[in-house]
Amino acid sequence: MTSPTVPNADAPTSRGWWKENQQRLAPWLFLAPGIFMFLVYVIIPIFQSINISFYDWDGLGEATWVGTGNYVELMDDDAFYTSLKNNVIWLVLYMLAIPMGLFVALFLNQTVRGIRIYKSLFFFPFVISQVVVGLVFAWFYDPSYGLLNIALGWFGIDPIAVLADERYVTYGIIAAGLWPQTAYCMILYLTGLNAVDPEQIEAARLDNAKGVKMLWYVILPQLRPATFIAIVVTVIGALRSFDLISIMTDGGPWGSSRVLAFYMYEQAFSEYGFRMGYGAAIAVVLFLIMMVYIVGFLWKMYRDEKGR
Amino acid sequence: MQNNCSIIWNFALEEKGRFMFQKVKVLTAALAASTIFTSAAIAGELVINTDTSDPAPKAAFEALIEGFKAENPDIEVTWNLFDHEGYKTSIRNFLTADAPDLANWYAGNRMLPYVNAGLFEPVDDVWEEHGLKESLGSSLGSMTIDGKIWGVPYTYYQWGVYYRKDLFEQHGIAVPTNWEEFKAAGAKLNEAGITPITIGTKYLWTAGGVFDYLNLRTNGYDFHMALGKGEVAWTDDRVKATMNNWKELLDAGFFIENHAAYSWQEALAPMVQGDAAMYVMGNFAVAPLREAGLTDDQLGFFQFPVINPEVPLAEEAPTDTIHIPANAKNKEDAKKFLAYLARADVQSQINETLGQLPINKGSTVGDDKFLQAGYEMLSNTDGGIAQFFDRDYPAEMAKAGMEGFQEFMVKPERMDAILERLEKVRQRVYK
């Protein structure tokens with residue numbers, strides 16, 4: 001039986017090496033620019049930072065090897081523990097943005113005349129720069145002219161210098177940070193709420209589910225993707241809390257509002273910095289803390305992929 | 001992952017972002033600077049970087065550069081204006097990466113890191129050729145490191161106590177000349193419901209100025225410098241004596257409340273409004289105080305009072321300087337500029353605009369009453385002239401010190417713990 005119509009399967013020379021391997025190579029070629037950037041700007045600098053953390057270096061002159069000297073010093077540095085403690089406070093309290101954002105989103109998820117305007121207004125703090133947020137709150141807290149203390153005055157409470165008091169300063173800055181972060185979470189939940197299946201709500205209604213029960217058992221499970229993203233961005237937001245601290249207190253009073261990120265910046269880059277090695281050591285510790293979270297994140301991703 | 005890592009390398013950007021916010025108006029200049037750096041300087045082009053972003057210094061430099069251009073029409077001058085605070089971090093980058101031909105900075109220990117790193121060019125030949133050792137002789141000491149001269153100073157200014165003359169007169173207080181009178185004056189002001197001294201310690205350095213004066217008056221110049229060189233322990237009884245003097249003022253309610261929340265400019269407000277009567281400051285505070293509406297009849301200046309009569313009076317008078325970076329492309333013209341800057345008439349003119357004191361002894365001092373007072377005070381100073389806490393003390397020590405002073409001013413009861421902490425820093429910094 002002649003089969004002239006069957007294509008010649010063993011004629012690789014005519015198809016070429018490229019055509020042969022196209023399927024396998026294409027993804028890597030598309031990924032190449034990304035991988036290159038990721039290596040140059042993320043992966044390699046991580047190892048460079050770790051390397052620098054073993055040196056005593058002013059960023060200009062010769063670097064001298066000090067081994068784990070920077071880390072030993074870190075363990076005996078009160079400012080480091082203050083920063084670490086503040087980082088934890090940030091991580092915990094910043095999470096409030098998620099329920100607050102959910103609440104606002106539920107509140108705004110209705111069809112009223114002009115609701116878009118209200119939504120925009122609630123989203124507004126996220127659009128403006130962190131710098132502006134910081135300035136606004138710094139004025140709000142101002143001990144002599146700030147709105148907060150004028151308001152406290154109505155109740156006969158003495159003015160509180162939130163930003164000059166080591167007891168309140170971190171909480172004051174976090175409150176400022178929660179304002180835009182809540183708006184961010186709100187937007188995430190608003191989009192999530194759009195995707196809630198109306199049929200399920202209908203069915204739940206028929207089963208007489210209402211209020212909190214409806215929210216907890218029907219709505220929230222459907223919002224899980226939104227919640228996950230909200231947690232991710234909030235954790236990142238908390239760990240990179242830098243701008244607000246820099247603007248509102250510059251780490252003060254006497255360094256009591258510093259977080260690790262800010263302390264690292266101060267040691268390495270600020271006016272009185274010049275301690276690249278020590279700054280890098282702080283960065284490595286911060287990185288390790290983040291690794292815990294990164295690993296958790298990756299593990300969840302992996303599990304979700306597998307579960308599908 | 002990417003987000004988290006981005007946090008790490010974002011710090012470099014954050015640093016930039018930080019300086020942008022404070023200095024919106026010079027942002028364009030900073031951006032322009034980064035583009036200019038990339039174009040290599042051609043012959044006859046002179047690039048100058050300065051941090052003179054406040055109104056008076058800006059005007060002074062405009063005039064200075066115009067004057068230089070008029071005399072050297074063949075040299076094309078490019079001037080990059082940086083914000084004052086941001087400059088302190090950006091100078092490190094541009095000195096190593098894309099150096100201008102001239103950059104302003106400060107005398108004393110503050111230029112030490114750049115000198116040690118070989119980023120500044122010695123300019124002994126300029127001093128030699130134009131006889132500057134004679135005309136700028138007073139600042140030779142603070143410009144010399146390792147036997148070489150590293151720049152040309154163009155201005156300095158006195159520190160001291162600026163006070164509300166009208167309030168003092170109203171409450172029958174004479175200008176205090178010694179510690180007892182000073183404390184009595186404060187007590188009277190407090191009685192009248194006026195806080196004696198305003199200060200804003202948010203950015204820390206203002207507290208350094210107060211410490212400098214208390215220490216200079218309690219222990220004298222030599223001790224103050226020895227402490228700066230790390231030769232004396234911070235837990236030394238003499239340091240404690242200084243701190244105890246400070247504590248006396250704190251206990252007597254000398255300083256405004258919540259000073260840790262204010263910058264030095266924000267702390268001007270109580271003085272303008274008459275809620276506070278004195279400010280331990282540099283002469284640059286006069287311009288904003290006048291702008292805020294205080295007349296020369298309301299505003300006065302006096303030398304920081306004597307504490308220990310056995311100690312010769314030393315003053316604080318920081319010197320501002322211009323340097324040639326080692327990586328500059330057009331050093332020849334840069335030296336021309338330095339020679340021009342050192343001239344008596346040029347220094348007279350620039351300091352007239354700055355409202356500060358010229359270094360050149362042939363220059364004339366403006367007839368402003370604060371300048372005259374400062375000039376007279378500094379000319380008669382025999383105890384020594386300090387630069388400033390963060391210029392005389394190494395950066396790390398200065399930072400820890402000023403932070404400690406801020407804490408001390410709010411929590412004086414922590415004195416011993418603070419001094420012990422500073423001692424720990426000293427042992428590390430000077431090893």
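Q: Hi! Which residue does Asp320(B) form a salt bridge with?
A: Asp320(B) pairs with Arg391(B), and their closest N and O atoms are 3.4 Å apart. A salt bridge here is a side-chain nitrogen of Lys or Arg within 4 Å of a carboxyl oxygen of Asp or Glu.

Q: Where do Asp320(B) and Arg391(B) sit in the chain?
A: Asp320(B) is in strand S12 (residues 319–323) of chain B and Arg391(B) is in helix H19 (residues 389–392) of chain B, so to speak distant parts of the chain, 71 residues apart. Helices (H or I, at least four residues) and strands (E, at least two) are DSSP runs, numbered from the N terminus.

Q: Is Asp320(B) buried or exposed?
A: Asp320(B) is buried, and Arg391(B) is buried too. Buried means under 20% relative accessible area, exposed means over 50%, and partly exposed is in between (1.4 Å probe, protein chains only).

Q: What should I know about the model and the numbering?
A: This is a predicted model, where local features need pLDDT of at least 70 and side-chain atom pairs count only at pLDDT 80 or more, while totals for chains, interfaces and linings use all residues. Residues are numbered from 1 along each chain as its sequence is written, chains are lettered from A and ligands numbered from 1 in the order in which they are written, and side-chain values use heavy atoms, with hydrogens and water left out.

Q: Which residues does Glu166(A) pair with in chain B?
A: Glu166(A) forms a salt bridge with Lys411(B), with the closest N and O atoms 4.0 Å apart. That pair crosses between chains, from the loop between helix H7 (147–154) and helix H8 (169–194) of chain A to the loop between helix H20 (395–410) and helix H21 (415–429) of chain B. Glu166(A) also forms a salt bridge with Arg414(B), at 2.4 Å between the closest N and O atoms.

Q: Which residues are linked in that network of salt bridges?
A: The network links Glu166(A), Glu407(B), Lys411(B), Arg414(B) and Arg421(B).

Q: Why does Glu166(A) count as partly exposed?
A: Because its relative accessibility is 24%. Lys411(B) counts as partly exposed as well, at 22%.

Q: What about the contact between the chains, how many residues are in it?
A: 46 residues of chain B are in contact with 50 residues of chain A, where contact means heavy atoms within 4.5 Å. The area buried between the two chains is about 4500 Å², and carbon and sulfur atoms give 62% of that. Buried area is the accessible area (1.4 Å probe) that two parts lose on being put together, summed over both.

Q: Back to chain B: what do Asp368(B) and Arg290(B) do?
A: Their side chains meet in a salt bridge, at 2.6 Å from N to O. Asp368(B) lies in the loop between helix H17 (344–354) and helix H18 (369–379) of chain B and Arg290(B) in helix H15 (residues 286–291) of chain B, so the pair ties together parts that are 78 residues apart in sequence. Asp368(B) is partly exposed at 22% relative accessibility, and Arg290(B) is partly exposed at 30%.

Q: New topic. Where is Asn245(B), and what does Asn245(B) touch?
A: Asn245(B) is in helix H13 (residues 237–251) of chain B. Not counting residues up to four places away in sequence, Asn245(B) touches Trp179(B), Thr218(B) and Ile307(B). Asn245(B) is buried, with a relative accessible area of 11%.

Q: And in chain A, how many residues of helix H13 (residues 260–268) are buried?
A: Nine of the nine are buried, so the helix is largely enclosed by the rest of the structure. Among them are Leu260(A), Phe262(A), Tyr265(A) and Glu266(A).

Q: What is the phi of Trp254(A)?
A: Trp254(A) has a positive phi of about 35°, although it is not a glycine. Trp254(A) is in the loop between H12 and H13 of chain A, and is buried with a relative accessible area of 8%.

Q: Last one: where is Ser246(A)?
A: Ser246(A) lies in helix H12 (residues 243–248) of chain A, and at 3% relative accessibility Ser246(A) counts as buried. The C-alpha atoms of Ser246(A) and Arg258(A), 12 residues apart along the chain, are separated by 8.9 Å.
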